[in-house]
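Dear colleague,

Please find the structure below, handed over for your further work.

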Amino acid sequence: MKLYEKGVYLVNGKELVENTPDAAAVIKDKTGEDISQQQARTQTIAYHILESHNTSGNMEKLQIKFDKLTSHDITFVGIIQTARASGLSKFPIPYVLTNCHNSLCAVGGTINEDDHMFGLSCAKRYGGIYVPPHQAVIHQFAREMLAGGGEMILGSDSHTRYGALGTMAMGEGGPELVKQLLSQTYDIQMPGIIGVYLTGKPEKGVGPQDVALAIIKEVFANGFVKNKVMEFVGPGVENLSVDFRIGIDVMTTETTCLSSIWKTDSQVKEFYEIHGRSESYKELNPGKTAYYDGMIELDLSTVKPMIAMPFHPSNAYPIEELNANLFDILEDCEKKAQVSFDGAVELNLKEKVRDGRLYVDQGIIAGCAGGGFENICDAADILDGASIGADEFTLSVYPASMPVYMELVRNGAAAKIMASGGVMKTAFCGPCFGAGDTPANNGFSIRHSTRNFPNREGSKVQNGQIASVALMDARSIAATAANKGYLTAATELDTAFTKPKYFFDQTIYQNRVFDSHGVADESVEVKMGPNIKDWPKMCALTEHLLLKVVSEIHDPVTTTDELIPSGETSSYRSNPLGLAEFTLSRKDPEYVRRAKEVQKAELAREQGGSPYEALPELQAVVDAIRKQFADANEQNTGVGSTIFAVKPGDGSAREQAASCQKVLGGWANIAHEYATKRYRSNLINWGMLPFLIPEGELPFANGDYLFIPNIRNAVQQKASDIVAYAIKDGALASFHMTLGDLTEDEREIILKGCLINYNKK
């Protein structure tokens, strides 16, 4: 794999020309045309799609309107509640509400099914589409029934990626979908476009997860594609089936890119025809000479079966390299666990080595990444006639939709898996976020799913538990299962892959999916279960801010799972106050208590009382501030909390990673860098200031108070430098922060206190 950092021209879709001083002459020699770099920038597929959806008239500052929206059952309640509070009367574009996260309805009494009934009633009232539990995971339904060539889809799930079908899709926090529901726009600077130039053909037994992990390994840590669009081109694309392309594409989220798009061909056309939507196909290719801001060149034939060891998809190795350096790599993972869990629990992977081989406790093929038809058929061929054994190892397979499941039953693939000892289950995202198949303590699971962050498999460090996940392709998971749990690459077996043709039968959808066809029915009453709560009131940004640092995180990257855990908390996503009790519970169990103590002062202030009586320690802090800022008082100075993290926000799009802090009185985050655009947007949409301080600087500590004078004016006046003060021993020590780029709407949202206030009529 080769990374080109200085820009590359793609000529005639087949030749790469690096951006050197003689590039123009080389291109003219090949094409007979003079073309400037700016002209060539407009010849990417991504540029054309963005241009056709931009409403600003300025391709440097985009204001995007999407064609369709999609959400699942731990995001759509909050989104619709926010939109309802802002005057929603009808979904203005197709909006699909799927139920694939809290679909088991196994814990919490009625609250999960209450959310589902909320979604069905809203689909009827506002004119949407409702997909019942177990029918399809969010992204598979979108591929089958929603994607369209040249279109754009916005989803409230980070793995909203349909680029292989010619659809530019993005995963964002709920407030960005609220804006679309209110006919507002998605505002971003024109992103960089990074080409992914594929050549060659994968070796037999290598699958899409292998290719994806190889790419993630090379580009995550260096931020090569961060907040950019990945555009897949080159002759190697034609050597991949559409299912294979989809499997790579969905994992682009783990590179921290903004979105993805692929060139399309006759195979994509056939995909749409199979699904009865031939009119949705559009041929997409870059222009004769297209310029990319960077390029990833990959010969697919060089990719080996991969394994991403705990605790990140980028911690990836060829399986043969892991086997050759087994104890060194396992020890490295154990050391990372000690850092991640602050020594609270001990991960012991070396005990998994039996007779020199790594033994695995569990295999799972599931969700939007692993649950595709081709993945499962290939796994079934590997398992045909094999036994997974009667020891610890278990295998679970979750087809991504009921139509996929039905075809696996019809063609015999499901029978092969079940005969081997594997278990077939219905469409469910639980194995991806810790709501299903949690291993035993110290268990080691291999999964064809999307993420392997700490505790994402469902274990609870706060209860002394630990387990871990490695990501692998379905084929190598099946090979491991065929060897009764001993880690095995699929290329080690000589499997005759049958490659059965897929036949899509949408009878199930016709019988079970509610589709309003865009017709809203105001007579339908929205069903509100007792756990569904409105967002609490949030006040506007005050003239000055007094913040207490209530958590300090020095991990290189902080995931949204660590900010608000997945899995056991998902049932509370419809209850802002209930969910907030879990904020940072895995990373800093004292955070909630500290934040609530500070919040007492702000609540007293907002109600006209004395913040100093509510929080006596404030008096000495305010006395110190008034020596230099005499005008600071209870009326113009908001009191709240903040956290510091080196690089927060990697992973999920869930808005609750930010909103839970806000509900507990958070006014800001302070970071050296934000891991993703979507997390920073979530902060802004909940009225929180996304402060940045230079890398290596930390002029305060956990428990310190920070005073930020004239912050409201600084936001209004677009100040590039914000002076703040750390209060230590009765004295003020100044330091500097920035807010980064903010659109006019984002400034107004922060000033108003949150998106709900901004939209309130």
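Predicted model: local features only at pLDDT ≥ 70, side-chain atom pairs only at ≥ 80, totals over all residues.

Asp561 belongs to helix α20 (residues 560-563), while Arg456 is in the loop between β23 (444-448) and β24 (468-472), so the pair ties together parts that are 105 residues apart in sequence. Both partners, Asp561 and Arg456, are buried.

Asp561 also forms a salt bridge with Arg654, and here the closest N and O atoms are 3.7 Å apart. This pair likewise links distant parts of the chain: Asp561 is in helix α20, and Arg654 is in the loop between β29 (648-650) and α25 (656-663), 93 residues apart. Asp561 and Arg654 are both buried.

A further salt bridge joins Lys718 to Glu744, with 2.6 Å between the closest N and O atoms. Lys718 is placed in the loop between α27 (711-716) and β33 (722-728) and Glu744 in helix α28 (residues 744-752); the pair therefore ties together parts that are 26 residues apart in sequence. Lys718 has a relative accessible area of 45% and is therefore partly exposed. Glu744, at 48% relative accessibility, is partly exposed as well.

Asp378, Asp473, Arg475 and Lys499 are connected in a network of salt bridges. The count of salt bridges in the model comes to 41.

**Aromatic contacts**

The structure holds 19 aromatic pairs. One of them is the tilted pair of Phe91 and Tyr126, at 5.6 Å centre to centre and with 40° between the planes. Phe91 is in the loop between α4 (76-85) and β6 (95-98) and Tyr126 in helix α5 (residues 111-126), so that the pair links distant parts of the chain, 35 residues apart. Phe91 is buried, with a relative accessible area of 1%, and Tyr126 is buried at 3%.

The ring centres of Phe700 and Phe735 are 5.7 Å apart and their planes stand at 50°, so this pair is tilted. Since Phe700 is in the loop between β31 (689-692) and β32 (705-708) and Phe735 in strand β34 (residues 731-737), the pair ties together parts that are 35 residues apart in sequence. Phe700 and Phe735 are both buried.

Phe91, Tyr95 and Tyr126 make up one aromatic cluster.

**Charges over rings**

The charged end of Lys124 sits over the ring of Phe514, at 6.0 Å from its centre. Lys647 lies over the face of Phe220, 5.9 Å from the ring centre.

Yours sincerely

Notes:
Residues numbered from 1 in each chain as written. Heavy atoms only, no water. Salt bridge = Lys/Arg side-chain N within 4 Å of Asp/Glu carboxyl O. Helix = DSSP H or I, 4+ residues; strand = E, 2+ residues; numbered from the N terminus. Buried < 20%, exposed > 50% of the residue type's maximum accessible area, 1.4 Å probe, protein only. Phe/Tyr/Trp six-rings, centres within 6.5 Å; stacked < 30°, edge-to-face > 60°. Lys NZ or Arg CZ within 6 Å of the ring centre and 35° of its normal.
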